[in-house]
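Subject: Structure for you to look at

Hello,

Here is the structure I said I would pass on. My notes on it follow below the view.

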Amino acid sequence: MTVSDLNESAKALLESHFNSIEVQGEISRLTKHSSGHWYFTLKDEKSAISVVIYKFSNQNIKFDIKDGMEVTLIGKLSIYSPNGSYQFIANRIMPIGVGELELAFNQLKERLSPLFDPAHKKQLPKYPNRVGIITSASSAAFADMQRVISNRYILPKFYLFNSLVQGNKAADNIIKMLNIADNMNLDAIVIARGGGSREDLWCFNDEKLAYAIYEAKTPIISAIGHEIDYSISDFVADHRSLTPTAAMVDLLPDSNELYQKFDIIQNSLISLISAKFSRYEGFLNLSKAQIKSKAIEQKLNLATLTLDKFKSNLDNFLYKKLNLAQSKIEKFELILKKQEHFYKVTKNMAQIVKDSKIVSLSKLKSKDEITIISQDLYKEAIIK
């Protein structure tokens with residue numbers, strides 16, 4: 001036999017006799033190759049064996065493996081023919097002491113803990129007007145949410161973003177719907193899914209989805225599974241609801257409670273207004289009594305009489321002044337008429353001589369010395 005024949009025969013013998021076995025040990029000298037394959041040594045207190053987990057097997061492992069971890073491997077024994085290396089080819093790895101998904105969840109939770117900061121969480125709106133719901137349109141969870149909406153508070157406008165909520169493609173689909181909803185100026189977004197196994201709900205533990213929720217501008221409610229179910233989405237979201245139905249209760253106000261509040265407010269306003277009216281009515285009655293007690297009405301009557309007397313005196317004073325002014329006006333009119341008559345008479349019957357010359361009356365000035373020559377008389381006068 002050639003060396004190659006020997007190695008191939010040994011490989012076939014091992015794989016046929018140890019094609020499905022479980023082996024426990026501690027991981028050591030872990031190497032994650034750029035090809036995607038993982039290589040490490042599995043050891044106990046006395047022995048060790050080389051292990052390989054090929055890419056097509058390890059890509060389904062949800063938790064991080066590291067040196068020192070106690071695990072159970074499921075796979076087969078084999079020989080690497082080119083160098084005759086004895087090795088274990090694992091197709092599944094399970095942590096000892098804790099479930100595989102539990103370990104993966106705890107590791108992811110620890111790694112993403114900075115995203116859980118309460119200071120980053122946004123407040124839910126008190127009275128939302130536009131609400132987005134990311135879930136499966138055909139799910140029982142969505143039907144339950146619709147029922148709560150119809151019974152509780154129907155004023156908002158609701159937008160359904162139909163999405164996968166289970167399986168390998170679900171996380172990417174939810175992220176896509178979330179990005180669309182986050183750009184629609186909504187008041188809140190609810191990511192919902194009904195109950196299921198941890199495997200069924202695993203898409204809500206996706207790291208990319210966690211960052212998408214953290215970076216969203218809109219307040220996010222995570223409503224995944226039942227009360228006892230927790231997902232990474234619950235920790236990152238601004239609010240965690242125990243169930244999809246509870247999400248509607250947490251987000252929407254109760255219309256019946258609002259009606260009761262309105263009744264209370266109405267009664268309070270009526271009581272307040274009535275009290276105000278009663279108070280001011282009391283003030284008015286008190287003021288009326290005070291006015292009456294101080295004889296204000298008599299004082300007003302006396303003041304009115306005084307004003308009437310003052311008005312009468314003022315009328316008499318003005319009447320006298322007007323009569324006096326009228327008399328003066330009439331006197332001046334009489335004087336003007338006499339002067340006009342004198343002017344006409346002197347103009348037709350007399351001559352005015354000044355400095356031995358006959359002049360007209362219009363040429364004279366005050367204090368001129370003139371001589372008036374008439375047919376009947378001769379007078380000298382100084383016109384002033």
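**Notes on the model**

Strands E4 and E5 pair in the antiparallel sense, with 10 bridges between them. One of these pairs glycine 75 with alanine 90 in E5. The two strands make a hairpin with four residues between them, and glycine 84, in that turn, has a positive phi of about 70°.

Please keep in mind that this is a predicted model. The mean pLDDT of the protein is 86, and 92% of its residues reach 70 or more. Residues 377–384 have pLDDT below 50; that stretch still makes 21 contacts in the model beyond near neighbours in sequence.

**The barrel**

E4 and E5 belong to a closed barrel of five strands, in the order E1-E2-E3-E5-E4, with mixed pairing. On average, neighbouring strands of this sheet are turned by 55° against each other, direction ignored.

How much of E4 is buried? Eight of its 11 residues are, so the strand is largely enclosed by the rest of the structure. Helix H1 (residues 3–17) lies across both E4 (70–80) and E5 (85–95), and runs at about 140° to E4.

The UniProt record, an unreviewed entry, annotates residues 1–93 as "domain: OB-fold nucleic acid binding". In the model, that range is 20% helix and 47% strand, and its end C-alpha atoms are 36 Å apart.

**The rest of the chain**

The protein is divided into domain 1 (3–97), domain 2 (124–253) and domain 3 (351–383). The centres of domain 1 and domain 3, taken over C-alpha atoms, are separated by 159 Å.

Which residues of helix H8 (residues 244–251) are buried? They are Pro244, Ala246, Ala247, Met248 and Leu251.

Regards

Definitions and conventions. Residues are numbered from 1 along each chain as its sequence is written. This is a predicted model: local features need pLDDT of at least 70, side-chain atom pairs count only at pLDDT 80 or more; totals for chains, interfaces and linings use all residues. Side-chain values use heavy atoms; hydrogens and water are left out. pLDDT is the predictor's confidence in each residue, from 0 to 100. Contact means heavy atoms within 4.5 Å. Two strands pair if DSSP finds at least two bridges between them. Axes are lines fitted to C-alpha atoms, for helices over the stretch in contact, and angles run from 0 to 180 degrees between N-to-C directions. UniProt positions are given in the numbering used here, feature names are shortened, and annotations may be inferred rather than shown by experiment. Domain bounds come from an automatic or database domain assignment. Buried means under 20% relative accessible area, exposed over 50%, partly exposed in between (1.4 Å probe, protein chains only).
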